Amino acid sequence: MLLELALMTAIHKTNPSLQMPLVKKLAHVVAQESQDRALDPWVFFALVRHESRWVPTEVRYYGKSCDVGLGQVQIVHCNRKVLLPLLEPVTNLHRSAKIQKNA
């Protein structure tokens, strides 16, 4: 619980425009995924801060590929069907944690 509170503070400080219910949900997901996948929660936090500044709708296009959402998940053939689910913040964090664990 203390970790989630610290993460909430850090997320909100990075992106004050996020509503607190979303900040609370994101902090919970980061803490839970970090525990479940044996990741450092502060490294996970820093990755998202660096990649998107905690802007859930961040998309960067590179020709036919793109990086999507909080963790900037790379999609090789960027299309709407694949892109849209990754704009959902919790889904994106789950995928980002999975990628970090396999890295």
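This is a predicted model: local features need pLDDT of at least 70, side-chain atom pairs count only at pLDDT 80 or more; totals for chains, interfaces and linings use all residues.
Student: Where does L87 sit, and why is L87 called partly exposed?

Tutor: L87 is in the loop between α4 (80–86) and α5; helices here are DSSP runs of H or I with at least four residues, strands are E runs of at least two, and both are numbered from the N terminus. Buried means under 20% relative accessible area and exposed over 50%, with partly exposed in between (1.4 Å probe, protein chains only). L87 has 22%, so L87 is partly exposed.

Student: Why is W54 called buried?

Tutor: The relative accessible area of W54 is 0%, so W54 counts as buried. W54 lies in the loop between α3 and β1, and has a positive phi near 60° although W54 is a residue other than glycine.

Student: What about R53, buried or partly exposed?

Tutor: R53 comes out at 47% relative accessibility, so the label is partly exposed. R53 is also in the loop between α3 and β1 (59–62), and has a positive phi of about 55° without being a glycine.

Student: How do you know that E33 and R37 form a salt bridge?

Tutor: The rule asks for a side-chain nitrogen of Lys or Arg within 4 Å of a carboxyl oxygen of Asp or Glu. For E33 and R37 the N to O distance is 2.6 Å, so the pair passes. E33 is called buried because its relative accessible area is 7%, whereas R37, at 26%, is partly exposed.

Student: What makes E51, E58 and R60 a network?

Tutor: R60 forms a salt bridge with E51, closest N and O atoms 4.0 Å apart, and another with E58, at 3.6 Å. Those salt bridges link E51, E58 and R60. By this rule the count comes to three salt bridges.

Student: Which residues of α3 and α5 meet?

Tutor: F44, L47 and V48 in α3 meet L93, S96, A97 and Q100 in α5.

Technical notes:
Residues are numbered from 1 along each chain as its sequence is written. Side-chain values use heavy atoms; hydrogens and water are left out. Contact means heavy atoms within 4.5 Å.
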